[in-house]
Amino acid sequence: MSKQTKEKDTKSPDVVNGIKKPSSPNADLKFDFKSFWNYSDAPESSDFVEIREEYGHFIDGKFVKPVKGRTMASINPATGETLTQFAEGTSEDIDKAVKAARKAYNKTWSKCSGRERGKYIYRLARMIQERSRELAITETLDGGKPIRESRDVDVPLAAAYFFYYAGWADKLQYAIPGKKPEPLGVCGQIIPWNFPLLMLAWKIAPALAAGNTVVLKPAETTPLTALKFAEICRDAGLPEGVVNIVTGAGPTGAALVDHPDVNKIAFTGSTEVGKIIQKSLAGSDKRYTLELGGKGANIIFEDAPLDQAVEGIVNAIFFNQGHVCCAGSRLLVQEGVAEKLIQKLKDRMETLIVGDPMDKNSDIGAINSKAQHDKILNYLEIGVKEGATMYQSRCELPENGYFCKPTLFTDVSQSHRIVQEEIFGPVLTIQTFRTPDEAIEKANNSQYGLAGGIWTDKGSKIFKMGSKMRSGVVWANTYNKFDPTSPFGGYKESGLGREGGLQGLYGYLKN
Amino acid sequence: MKTVSIPDFSRTIPIDKVGVEERVKKLNTRSIKKESKIQALKLALSMIDHTTLEGKDSPGKVIQLCSKAKKPYAPIPDLPSVAAVCVYPNMVSVAKKALKGSTVKVASVATAFPSGMTQLQVKLDETRFAVDQGADEIDMVISRGEFLRGNYPFIFDEIASIKEACGDSHLKVILETGELETLENVRKASDIAMHAGADFIKTSTGKVSPAATQPVTLVMLEAIRDFYLETGQMVGMKPAGGIRKAKEALQYLVLVKETLGAAWLTPDLFRFGASSLTNDLLMQIVKQQTGVYQSIHYFSND
Amino acid sequence: MTDRLEILKTYKTYVGGAFPRSESERTYQVTNQKSVHIANACRCTRKDVRNAVVAARSAFDGWSGRSAYNRGQVLYRIAEMLEGRKDQFVKELESSGVSIKQASREVETSIDRLIYYAGWTDKISQVFGTVNPVASSHFNFSLPEPTGVVGVISSDDTPLLSIVSLIAPVIASGNTLVLLASETNPLPAISFGEVLHASDVPGGVVNILSGYRDEMVNALTEHMDVNAILNSVSNENLRKQVDENGAISVKRVSHIFVTNWFDNEQLEQPYLILDFMETKTTWHPVGV
């Protein structure tokens with residue numbers, strides 16, 4: 001069986017930043033969640049899901065071999081097994097895809113009425129629903145996220161985004177008052193590995209609704225659902241070349257960004273890469289929207305509904321293994337309730353089931369890749385070295401694959417790297433505050449501004465704190481909620497532009 | 001045991017209903033299969049307060065109920081008995097006699113069940129009567145009218161008095177959550193009942209709709225958890241009314257497991273107030289053993 | 001009229017609600033179209049840019065915290081003040097060589113453009129804010145909020161109308177800004193600072209520097225505390241430089257290339273305000 005990670009015995013100062021820390025509730029948990037009636041294995045069956053041994057790019061309505069013939073492997077991070085070989089896109093492949101998209105834009109898609117465009121997008125939405133279980137299983141196998149999340153969140157939401165934007169296609173004149181809606185042309189879209197199908201939906205649905213054609217590059221660790229979506233485009237009879245999928249890694253994305261005949265780049269990923277893209281677009285007429293990193297503050301006031309706040313904290317940082325750009329990775333708790341809240345949180349963490357992502361009871365699945373796993377473990381080390389106190393749930397981890405225990409750090413200060421930098425894993429830092437001003441000061445003291453949480457029973461406090469928070473999303477008494485009608489995107493270095501909702505159309509229409 | 005000061009019940013503990021419902025919905029996706037399912041079905045069976053609370057109840061019906069309680073399903077002899085039968089006070093002696101020699105407890109409703117609309121003295125007399133008749137457990141109702149007008153000391157004192165009248169019998173306090181409406185009220189009533197000496201807190205009489213719901217139960221379990229952290233005392237929980245299907249019963253057990261843990265997964269600390277649930281659990285148990293879906297016509301209806 | 005020696009104005013900068021000289025104490029000559037000296041203008045440096053950004057940042061909370069109604073009144077007040085000093089600006093523009101007719105038209109259009117944007121302050125969030133019907137039990141709304149500190153690079157054409165057209169949409173929503181005035185004729189911009197100063201615009205909301213663009217543009221567009229850039233100089237190299245500098249901290253970079261600053265269709269639209277606003281979406285559960 002798995003080995004328990006030894007907990008580091010680090011003594012930490014009682015006073016940080018001149019503030020006396022609440023006596024850290026120790027690890028003696030008051031409840032026994034293990035000794036009786038444990039859930040039997042409940043593996044989702046993947047029998048009926050067909051994953052081909054090899055996938056080409058999807059260009060001009062057909063799967064085609066890569067020009068240079070190179071392929072890459074997609075690995076199941078929960079087992080380390082290879083799932084498939086997929087094409088590694090080069091600038092030649094990108095060029096073919098962009099040409100196909102341009103041809104489709106000129107010949108078919110721009111001639112298609114809004115009504116008919118909408119009907120195609122509705123078809124895509126329906127077909128995602130029809131193949132929902134298959135897509136969920138594929139997502140989990142490819143990316144390591146728990147099946148309950150891909151089944152209950154990723155795939156239904158992906159379909160919902162297509163449904164929502166389908167209806168916009170023939171109503172665009174109402175989205176931009178005083179202007180005539182005109183599409184941009186060919187959109188290059190680059191998406192990350194944390195929500196592969198959902199991010200595809202966020203990108204493709206509004207682009208098509210606005211009348212653009214697309215070339216999309218999925219992440220190199222999670223290309224499979226995009227390739228299944230390519231099959232859906234083909235089966236739905238979407239005109240050839242309207243959606244093109246080119247797989248590959250960073251260089252493939254760079255080729256797409258640099259292609260002269262692309263009118264717009266939409267990117268979701270790290271701030272680091274976002275800056276590179278923004279720089280390489282300098283001086284060009286290409287439009288761009290960027291959805292980048294974050295270090296969300298989740299502020300808990302002493303008048304908050306505490307039990308729901310604990311759930312909110314869990315959703316904020318442990319959802320999708322913490323691979324969430326808007327994760328609430330910095331917890332700020334009012335001093336008076338810190339001890340109580342942290343105790344509750346620790347008890348709650350014991351009930352989180354970490355394990356086989358295909359098991360229907362797993363709450364936390366596998367870390368997406370070895371590289372990400374190494375990065376997270378490195379941050380745990382940094383945290384301990386910086387003098388923070390680490391606490392992990394006592395769960396057992398599977399022997400194979402990349403897994404990480406839910407982790408808390410207390411005794412941290414604003415200057416610590418684990419407080420400043422995006423870890424992108426199930427790692428929460430906990431700080432306390434005494435006054436609302438102190439909370440907002442800490443919350444905004446970040447290069448990022450994607451999302452944040454506020455927990456209090458007092459309505460007027462929510463509005464005040466919410467308006468002072470410099471972030472694109474404010475979740476009050478909830479966290480990590482998404483909806484196709486609701487715009488999403490960051491302030492500061494968390495990106496520019498919005499995705500979702502009416503505002504999500506702006507990035508795909510001429511201004 | 002720590003000395004516990006009685007909190008100021010006029011202060012409200014904030015609860016967000018949407019958050020509670022989301023948590024319940026998520027817990028409902030737990031997949032209970034194979035061995036864990038059999039184990040849970042039997043556990044649920046052992047936690048039932050097999051109940052009849054009708055004006056037309058007769059000694060004959062109560063005797064039938066008791067025999068079902070002792071031996072729920074003869075073809076599978078190693079099944080557990082249910083935890084208790086729950087009847088009106090004037091049926092306690094009948095039940096007591098019928099259950100003699102078994103582990104099944106007799107629970108009696110009291111205190112002008114289901115409305116509670118009478119004087120304290122009458123409630124005390126009724127409680128003592130039921131205890132005298134042999135009731136091991138008393139299921140009392142709180143005075144919702146007084147609660148809703150903010151007279152919390154009245155509720156506290158009434159429960160404390162009934163508890164005293166119970167003597168050695170266990171006291172379950174019915175909050176009638178369907179009439180309290182808000183989860184904050186449920187939480188407050190739970191706290192009052194526990195501080196006043198309840199051995200169990202119970203959702204409903206079964207005479208008011210809605211009866212037991214999972215969000216209400218979760219809030220009460222969380223109240224029990226906080227009370228335990230504060231006082232070290234373990235209070236039991238009984239959702240009652242409206243739980244008819246084995247699948248729901250398992251969902252309730254998941255709430256208990258993931259809120260309070262293994263220590264509460266026992267008839268001593270968790271009960272279902274139900275009547276038709278027993279047969280659905282039995283049908284599921286037989287289905288698990290035979291692999292064949294069952295019909296209610298093969299299970300005795302009492 | 002007897003011979004009387006005219007008092008000439010010393011043109012300074014406008015930073016933080018005051019009129020300091022450049023910290024370099026250097027000036028350069030501003031000449032008219034016939035290369036005749038009109039005045040000396042401050043030749044600002046990187047340090048002046050730095051000071052101006054600090055002023056803009058410290059004014060941001062207060063200005064963005066004003067009610068939209070109040071910001072509208074302040075913008076209207078600017079128009080009133082400009083109307084009152086119309087003759088001064090006509091004369092100043094005239095001195096650079098434009099006809100009196102053209103100068104009058106420029107000042108009048110500037111006034112009207114301020115009025116246009118004054119009216120938007122309390123409407124922009126009504127027109128572009130949304131209540132979003134999410135599928136879960138949550139109330140969800142999105143409102144545009146100001147981006148922060150904006151660096152503005154103004155063009156050399158119609159030096160008053162161009163800066164008014166750049167400043168008004170940026171500050172209408174609550175942003176603060178640092179403006180690099182026209183290099184060839186910064187004088188109307190500096191004088192416009194006096195109008196702002198007399199118009200209830202809090203110090204630091206608008207900061208105006210003059211000098212050589214090349215000497216200031218990097219400091220402004222690289223500055224980590226500048227959230228956005230609005231460039232109106234149509235120059236390929238400058239554009240690329242501004243874009244690249246913007247990428248250092250994911251700045252919102254917007255270029256507006258104008259051939260005719262009198263064109264209301266291009267220059268009077270809410271989308272110019274929206275370019276420097278961020279949509280914030282707030283969720284809250286709905287339940288009892």
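## Chain contacts and backbone details

The contact between chains A and B takes 26 residues from chain B and 26 residues from chain A. Two residues are in contact if their C-beta atoms, placed from the backbone, lie within 7 Å. On the side of chain B that touches chain A, the elements giving two or more residues are helix H1 (17-27), helix H2 (34-46), helix H10 (214-231) and helix H11 (246-259) of chain B. Helices (H or I, at least four residues) and strands (E, at least two) are DSSP runs, numbered from the N terminus. H2(B) gives the largest share of this side, six residues.

The model is predicted: local features need pLDDT of at least 70, side-chain atom pairs count only at pLDDT 80 or more, and totals for chains, interfaces and linings use all residues. Residues are numbered from 1 along each chain as its sequence is written, while chains are lettered from A and ligands numbered from 1 in the order in which they are written.

Chain C also meets chain A. Here 30 residues of chain C are in contact with 36 residues of chain A. Strand E4 (138-146), helix H9 (236-246) and strand E10 (277-285) of chain C each supply at least two residues of the side that touches chain A. The largest share of that side, eight residues, comes from E10(C).

The table sorts both sides by residue class.

Strand E19 (residues 473-476) of chain A runs parallel to E10(C), and three bridges join them. Two strands pair if DSSP finds at least two bridges between them. Val474(A) has Thr282(C) as its bridge partner in E10(C).

Now the backbone. Phe113(B) and Pro114(B) are joined by a cis peptide bond, with omega about 0 degrees. Pro114(B) sits in the loop between strand E3 (105-109) and helix H5 (120-133) of chain B. A cis bond also runs from Ser209(B) to Pro210(B), with omega near 0 degrees.

Asn477(A) is not glycine, but its phi is positive, near 55 degrees. Is Asn477(A) buried or exposed? Asn477(A) counts as buried because it has 24 C-beta neighbours inside 10 Å. A residue is buried if 20 or more other C-beta atoms lie within 10 Å of its own, exposed if 12 or fewer, and partly exposed in between; C-beta atoms are placed from the backbone.
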